[in-house]
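Please look over the sequence and the model below before reading on.

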Amino acid sequence: VNNMSTALEGYRGDTTTFDLSLTENSESIDLTNSILWFTMKERKAYSDNRAVVKMSAVVGTGASDPIRQENGIEILDPPLDGKVRIFLPSSGENGTDKFKTGTHVWDIQLRTTGVVQNVFTLLEGTYKVLGDVTNRVTI
């Protein structure tokens, strides 16, 4: 799989969504019958225990299974188009309010299901966390 690099950014404390197109040699990757992981860390060398975001989603067989949304990963219909939406809430688990300003690193990996389980890094990149001016969220 040819992994590409993508630069993203958002404000600390803001709800953020972004869509990713997962491809290999310019062809969409069929996500059917797979498990996806999205991980974001302050440093690439940090263990997954220190990740600021850890998400996973199980993708079914498509027509017979509903399109899945789990832990902030939404598989956009149909799964054979290789399109996913990542949702980062403003607070709570994976909340952007806990992010330090600066540049973080992220990747999205796919694990095949079945007898042989292969893991592929499909996409990686950076996420620049911008400081926000307004900190209050109530009037």
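## The largest pocket and its surroundings

The largest pocket has a lining of 16 residues, and those nearest its centre are Thr39, Lys41, Asp48, Trp106 and Asp107. A pocket here is an open set of points on a 1 Å grid over the protein atoms alone, where a 1.4 Å probe fits and protein lies on both sides within 12 Å along at least five of seven lines, and lining residues have an atom within 4 Å of a point. This is a predicted model, in which local features need pLDDT of at least 70 and side-chain atom pairs count only at pLDDT 80 or more, whereas totals for chains, interfaces and linings use all residues. Residues are numbered from 1 along each chain as its sequence is written, and side-chain values use heavy atoms, with hydrogens and water left out.

The space in this largest pocket comes to about 300 Å³, a volume being the space filled by probe spheres set on the grid points, which are joined across faces, edges and corners. Strand β5 gives the most to the lining, with five residues. The strands in the table each supply at least two lining residues.

| Strand | Residues |
|---|---|
| β5 | 34-41 |
| β6 | 53-59 |
| β10 | 102-112 |
| β11 | 119-130 |

The chain as a whole has eleven strands and zero helices, where strands are DSSP runs of E with at least two residues and helices are runs of H or I with at least four, numbered from the N terminus. Of its 139 residues, 36% count as buried, which means under 20% relative accessible area with a 1.4 Å probe, protein chains only.

How many aromatic pairs does a search of the whole structure find? The search finds five, counting rings of Phe, Tyr and Trp (its six-membered ring) whose centres lie within 6.5 Å; planes under 30 degrees apart are stacked, over 60 edge-to-face and the rest tilted. One of these pairs, Phe18 with Tyr127, is tilted, at 6.3 Å centre to centre and 35° between the planes. Because Phe18 lies in strand β2 (residues 16-21) and Tyr127 in strand β11, this pair ties together parts that are 109 residues apart in sequence.

Thr96 sits in the loop between β9 (83-88) and β10. Thr96 counts as buried because its relative accessibility is 1%. Beyond its neighbours within four places in sequence, Thr96 is in contact (heavy atoms within 4.5 Å) with residues including Tyr11, Arg12, Asp14 and Leu88.

How values were computed: Buried means under 20% relative accessible area, exposed over 50%, partly exposed in between (1.4 Å probe, protein chains only).
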